[in-house]
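Here is my note on the model, as numbered points. Please read it beside the coordinates.

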Amino acid sequence: GDARGGVAAAAAATARADLDALPFWERHFPRSGEAPVPSLADALFVEFVRERGVGLTRRRARHVAPSFDADGDGLVSRAELEAFLARSGGEAGAAVGRALGRGGAVGVSQLRTALRATLATLLAEGRGGPEAGGTGEGCALALEGSRREYMELAGSGGLQFPGASAFTLEAWVMPGSDPAPGGGAQAVVSKFNSGKGGQYFLKLQPPEGPGPASAWDVFFHREVAPWGHKSTSGLPARAFTHVAVTYGGGWSRIYLNGTEAGAQKEGPQDADPGTPVLIGAVLESGEPAQFLSGAVDDVRLWRVERTQEQIRGAMHLELTGTEQGLVGYWPFDECTGTRARDRAGAHDGEMHGGELAASPLKVRSYTATFGCADTLC
């Protein structure tokens with residue numbers, strides 16, 4: 001019995017050694033030359049979660065993985081991964097560079113050494129994300145209206161709510177300046193094409209009347225009479241305000257920081273499966289316009305009418321992306337590249353200018369609020 005057990009243990013050890021000798025890419029992506037950034041994050045977590053010297057959690061893996069996406073297309077190729085590690089500097093980077101220079105591949109043991117140094121650097125720079133279970137700063141979508149910057153959500157024609165379908169749109173919004181008297185509106189989120197069609201938009205607009213103003217009006221429109229309504233209180237510049245707009249039960253409502261700030265009765269609207277959803281702009285005869293100057297963070301789209309209590313209870317909470325009724329979630333915490341991942345679906349955001357800049361907005365992590373079943377999140 002002992003002899004058989006010893007043979008089995010030796011065989012298992014040999015198998016583990018053979019597997020460890022395989023290149024990292026062959027271990028996790030044997031049939032593909034590239035992998036989505038979330039898949040790479042999962043592979044890094046699975047590979048190194050048990051190694052205390054690396055210190056990789058699921059949350060850190062999600063924040064670090066986009067750093068390997070050199071061209072910002074949401075995919076990481078084997079070449080991108082190895083080139084990034086070869087540039088990591090020090091002995092780790094040199095070891096990877098020598099392996100590549102010989103025409104070889106980076107094995108798991110080489111990757112472990114290089115990745116440990118790379119992670120240490122990223123975490124020291126604050127690019128590894130907050131500790132699991134804690135709070136910390138992420139990133140927001142920063143836009144400059146004078147440069148016509150905005151984001152378009154992929155395949156977002158289907159993010160429509162025809163008839164009397166209920167929905168909720170949420171975002172943290174920070175205008176970059178006070179509204180100018182007689183100035184134009186600035187779009188926050190829109191599925192609308194003036195002169196063509198559309199369904200809804202959320203805008204900031206200067207208050208009516210002469211003289212300077214210190215806060216913006218929030219305007220929410222569905223494509224049905226009486227053609228939208230504005231908030232009863234203003235939204236200040238240079239600070240984040242939580243904005244939520246809802247429709248359900250024949251009523252359209254606006255909430256600012258969880259407090260109702262406007263409501264009106266509205267009927268059903270037509271379907272619109274074609275117009276894309278934009279963040280920071282709205283289409284006018286097919287061309288982006290009314291650009292936002294400022295920042296947007298933590299955009300959420302729901303196929304349900306959220307209550308005031310639900311909005312208040314979750315506005316400071318990081319979502320998992322699997323909440324009932326959630327159809328789109330863009331926290332912008334990649335902090336690099338030109339794409340923002342949709343954590344609730346397949347509608348990643350493609351940036352047309354702008355940047356994913358550090359955000360002072362803090363949300364409580366899911367782990368800190370509800371705990372973690374496996375202690376590894």
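1. Helices (H or I, at least four residues) and strands (E, at least two) are DSSP runs, numbered from the N terminus. By that count the protein has nine helices and 21 strands.

2. This is a predicted model, in which local features need pLDDT of at least 70 and side-chain atom pairs count only at pLDDT 80 or more, while totals for chains, interfaces and linings use all residues. Residues are numbered from 1 along each chain as its sequence is written, and side-chain values use heavy atoms, with hydrogens and water left out.

3. Buried means under 20% relative accessible area, exposed over 50%, and partly exposed in between (1.4 Å probe, protein chains only). Of the 377 residues, 47% count as buried.

4. A nonpolar core is a set of buried Ala, Val, Leu, Ile, Met, Phe, Trp, Tyr and Cys residues joined through side-chain atoms within 4.5 Å. The largest has 37 residues, and I279, V299 and F332 touch the most other members. Strand β5 (residues 167–175) supplies the largest share of this core, four residues. A second, separate core of 18 residues includes L40, A41, A61 and L81.

5. The structure holds nine salt bridges (a side-chain nitrogen of Lys or Arg within 4 Å of a carboxyl oxygen of Asp or Glu). In one of them, E149 meets R147 at 2.9 Å, N to O; E149 is buried at 8% relative accessible area, whereas R147 is exposed at 59%.

6. R339 and E350 also form a salt bridge, at 2.8 Å, N to O. R339 lies in strand β19 (residues 339–340) and E350 in strand β20 (residues 349–352), so the pair ties together parts eleven residues apart in sequence. D348 joins R339 and E350 in a network of salt bridges.
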